[in-house]
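Please read the following note with the structure open beside it. Each numbered point may be checked in turn.

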Amino acid sequence: MKLLHRIIIPVALLLLQSLPGAASEPGRANPGASGPDTTTLSGEGIKSVNVFSIGEAGSKYYRIPAICRAADGSLIAVADQRRSSKEDISLHPEGIRLVAKISHDNGLTWGELFPLFPDWKDDAGHPVSHGDAALALFPPTGDLVCVFCAKESYHTSDPHSPGEIYVSTSSDNGQTWKTPFRIDPMLKAQIDSAHARAGSPLRFFTGFGASGNMLSCPEGVAFVMNGRHLSETADPSRGYEYVCLLSAGDYSAMKWTVTNPAGPVCADGSGNESKIILTGDNRLMMSIRTPGDHRFAFSDDFGATWSEPAAAEPDGTHAPAIPEPGCNGGFLRYTDENGGTDRLYLSVPSRLDEGVRSDVTLYYSDDGGSKWHRSLLLVPGPSAYSTLRDAGDGRIGCLLECGDDISGYDIRYLEIPVGATTSAESRP
């Protein structure tokens with residue numbers, strides 16, 4: 001499969017400039033539109049703005065950030081609106097839904113909040129609870145693609161009530177979205193058939209899409225699905241990572257292909273929000289959520305086979321190289337216009353206290369992911385999921401959750417000069 005050498009993959013990231021739930025912020029014009037907060041972090045020229053704020057539209061919890069640049073150059077940010085409860089899809093007393101905002105000035109200000117699927121109801125006429133979006137631009141058409149989960153939560157699902165995965169597309173730069181189309185049955189059929197042919201007893205019963213961002217490439221888009229299996233010997237709590245690709249030839253039918261149906265990456269009960277990028281030597285690299293010590297895996301054949309997941313090599317100053325409590329994080333390959341910089345970035349909470357997500361930290365690698373270095377402490381306090389993007393003009397963008405399960409969550413957008421990410425002063 002032919003792929004362009006230069007691919008940029010956004011995934012997750014954010015900053016705590018003020019306490020979550022503050023009554024007002026500099027530059028906030030009204031509760032429905034977000035304006036600039038000119039505060040910077042450590043004098044490094046990092047700009048930030050709240051995109052979704054605690055209390056906005058009556059919601060205490062905005063979670064699971066995703067961000068993507070549309071074909072017209074605008075930015076769309078998507079999040080779960082969880083209202084008064086932090087609970088996930090099927091456990092939520094009110095049901096959750098995906099909401100979005102659009103920016104036409106590269107994230108400096110954001111428009112009014114709107115739901116992606118305002119009229120989506122089940123057969124009984126009830127609103128469908130859904131969330132955990134992953135976004136990407138589909139290069140062959142210029143459409144936006146959104147993969148997300150609905151109806152049943154991943155950890156409470158069973159063979160009789162499996163989690164469901166859906167896809168929707170937008171042809172007008174994120175302003176309106178087509179009726180969601182369910183894709184997990186086609187993925188299950190491919191996986192079960194491949195395991196049966198290989199003589200494996202594993203059978204897929206539920207899956208979870210990769211919240212945050214997907215890989216975007218000239219041939220299409222891809223995301224990592226975490227699947228759980230049933231067999232006489234399988235532990236149903238263990239997760240297995242599958243790469244799911246939507247190519248240009250299959251776009252009109254929304255036919256997704258599992259690249260590694262019989263050879264999933266074992267996440268050992270972790271995973272479930274892994275991300276992939278294409279490295280400078282045309283390998284796929286998977287970033288795997290792992291409590292204690294973040295792990296990575298590589299593929300030389302565009303996802304058909306994978307190396308065993310392994311933690312990064314310590315840089316001689318910090319061990320483990322990337323500590324994390326088990327949390328979704330941003331993953332980005334950044335290259336400048338002149339080709340002088342080819343760097344990987346990762347954002348993830350760095351506190352290892354049990355049950356605590358805090359101190360989202362930016363890491364970078366200049367050798368294709370073998371060795372990682374601490375860059376910037378982005379949020380000195382409660383913070384969780386994040387996603388990253390190439391913001392252009394020598395900057396990276398980051399959309400991140402600030403807050404906790406008690407006080408609630410804001411979602412904030414940052415822009416960080418690339419030069420500030422590797423300066424000696426920036427490293428904690």
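The points below treat confidence, sheets, cores, single residues and salt bridges, in that order.

1. Confidence. The structure is a predicted model. The mean pLDDT of the protein is 85, and 86% of the residues score at least 70. Two stretches call for caution. Over residues 1-32 the pLDDT stays under 50, although the model has 142 contacts beyond four places in sequence for them. Residues 35-40 also stay under 50, with 24 contacts beyond four places in sequence.

2. An open sheet. Five strands are arranged in the order β9-β8-β7-β6-β11, with mixed pairing, and the sheet they form is open. Which strands stand at its edges? They are β9 (181-182) and β11 (212-213); each has a single partner strand, so one side of each is left without a neighbour in the sheet.

3. Ser 168. This residue belongs to strand β8 (residues 164-170). Is Ser 168 buried or exposed? Its relative accessible area is 2%; because the cut-off for a buried residue is under 20%, Ser 168 counts as buried. A polar atom of the Ser 168 side chain lies 2.6 Å from the backbone oxygen of Lys 178. Leaving aside neighbours within four places in sequence, Ser 168 is in contact with several residues, including Phe 117, Leu 144, Val 145, Cys 146 and Trp 177.

4. The largest nonpolar core. In soluble globular proteins, nonpolar side chains tend to be buried together. The largest nonpolar core in this model has 29 residues, and those with the most contacts inside it are Val 145, Leu 187, Met 214, Phe 223, Met 225 and Trp 256. At least two residues of this core come from each of β6 (130-138), β7, β8, α1 (184-197), β10, β13 and β14 (240-247). Strand β14 gives the most, with four residues.

5. Val 145 and a second core. Not counting residues up to four places away in sequence, Val 145 touches residues that include Ala 134, Phe 138, Val 167, Ser 168, Met 214, Tyr 251 and Trp 256. A second core of 21 residues is separate, and among its members are Ala 66, Ala 100, Leu 116 and Leu 135.

6. Strand β10. Why is strand β10 (residues 203-208) described as largely enclosed by the rest of the structure? Five of its six residues are buried, so the description follows from that count. Strand β10 pairs with strand β13 (residues 220-230) in the antiparallel sense over five bridges. Thr 206 stands opposite Arg 228 in β13.

7. Strand β25 (residues 383-392) has nine of its ten residues buried, so it is largely enclosed by the rest of the structure. Strand β26 (residues 395-404) runs antiparallel to β25 and is joined to it by seven bridges. Ser 386 stands opposite Leu 400 in β26. The two strands form a hairpin with two residues between them, and Asp 393 in the turn has a positive phi of about 55°.

8. Val 49. This residue lies in strand β1 (residues 47-52). Val 49 is buried, with a relative accessible area of 3%.

9. Salt bridges. How many salt bridges does the structure hold? There are 17. In one of them, Lys 86 and Glu 87 meet through their side chains (3.6 Å, N to O). Lys 86 is partly exposed at 35% relative accessible area, and Glu 87 is partly exposed at 29%. Another salt bridge links Asp 281 and Arg 283, with the closest N and O atoms 3.5 Å apart; Arg 283 is partly exposed at 25%.

10. Asp 342 and Arg 333 form a salt bridge whose closest N and O atoms are 2.8 Å apart. Asp 342 is partly exposed, with a relative accessible area of 34%, whereas Arg 333 is buried at 1%. Elsewhere, salt bridges that share partners join Lys 151, Glu 164, Arg 182 and Asp 184 into one network.

Terms used: Residues numbered from 1 in each chain as written. Predicted model: local features only at pLDDT ≥ 70, side-chain atom pairs only at ≥ 80, totals over all residues. Heavy atoms only, no water. Buried < 20%, exposed > 50% of the residue type's maximum accessible area, 1.4 Å probe, protein only. Pairing = 2+ DSSP bridges. Polar contact = N/O pair within 3.5 Å; in protein donor to acceptor, adjacent residues only side chain to side chain. Contact = heavy atoms within 4.5 Å. pLDDT = per-residue confidence, 0-100. Salt bridge = Lys/Arg side-chain N within 4 Å of Asp/Glu carboxyl O. Core = buried A, V, L, I, M, F, W, Y, C linked by side-chain atoms within 4.5 Å.
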